[in-house]
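Here's a quick briefing to read alongside the model. Take a look at the fold first, then work through the points below.

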Amino acid sequence: MKKIICKVEYDTETSLLIAKKTVGEFGDPAGYEESLYKTEGGKFFLYTNGGAESPYTKEDIKRMSPAKADEWQANA
């Protein structure tokens with residue numbers, strides 16, 4: 001998935017996957033995935049996707065500060 005935020009492209013295909021968190025099993029309407037990525041330029045983002053009853057009902061990308069990325073990793 002690709003998304004441009006504030007003129008910066010965030011792309012799951014060209015960025016480094018750092019960590020992934022999965023809640024539930026495939027097909028679980030409340031299940032979801034969060035994947036932390038780092039771009040070649042050193043920017044962090046979180047790719048999210050989930051079922052109809054999850055916090056992430058559609059695919060999305062959210063940029064993250066390095067501090068928030070560290071916090072996410074500590075809690076993943």
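Strand 4 and strand 5 run antiparallel and are joined by 7 bridges. In this predicted model, the two form a hairpin with 5 residues between them. Strand 4 also pairs with strand 3, again in the antiparallel sense and over 7 bridges.

**The hairpin and its neighbours**
- In the turn of the hairpin made by strand 4 and strand 5, G42 has a positive phi of about 90°.
- Y32 is a handy place to start reading the pairing: G50 in strand 5 stands opposite Y32, and V23 stands opposite Y32 too.
- Further along strand 4, L36 is the bridge partner of A19.

- What order do the strands take in the open sheet? The 4 strands go 3-4-5-6, with antiparallel pairing.
- Strand 3 and strand 6 (60–64) sit at the edges, each pairing on one side only.
- From one strand to the next, the twist averages 20°.

- The largest pocket comes in at about 190 Å³.
- Its lining counts 13 residues, and the closest to the pocket's centre are E25, F26, G31, Y32 and E33.
- By residue type, the lining divides into 3 nonpolar, 7 polar and 3 charged.
- Y32 ties two topics together: it is among the residues closest to the centre of the largest pocket, and it stands opposite G50 in strand 5.

**The whole chain**
- Along the sequence, the pattern reads β-β-β-β-β-β-α.
- The C-alpha trace spans about 35 × 25 × 20 Å along its principal axes.
- The radius of gyration is 12 Å, which agrees with a compact globule, because 76 residues packed that way would have a value near 11 Å.
- Buried residues make up 33% of the 76 residues.

Notes:
Residues are numbered from 1 along each chain as its sequence is written. This is a predicted model: local features need pLDDT of at least 70, side-chain atom pairs count only at pLDDT 80 or more; totals for chains, interfaces and linings use all residues. Side-chain values use heavy atoms; hydrogens and water are left out. On a 1 Å grid over the protein atoms alone, a cavity is a set of points where a 1.4 Å probe fits but cannot get out, and a pocket is an open set with protein on both sides within 12 Å along at least five of seven lines; lining residues have an atom within 4 Å of a point. Grid points are joined across faces, edges and corners, and a volume is the space filled by probe spheres set on the points. Ala, Val, Leu, Ile, Met, Phe, Trp, Tyr, Cys and Pro count as nonpolar, Asp, Glu, Lys and Arg as charged, and the others, Gly among them, as polar. Two strands pair if DSSP finds at least two bridges between them. Axes are lines fitted to C-alpha atoms, for helices over the stretch in contact, and angles run from 0 to 180 degrees between N-to-C directions. The radius of gyration is taken over C-alpha atoms; the globule rule is 2.2 Å times the number of residues to the power 0.38. Buried means under 20% relative accessible area, exposed over 50%, partly exposed in between (1.4 Å probe, protein chains only).
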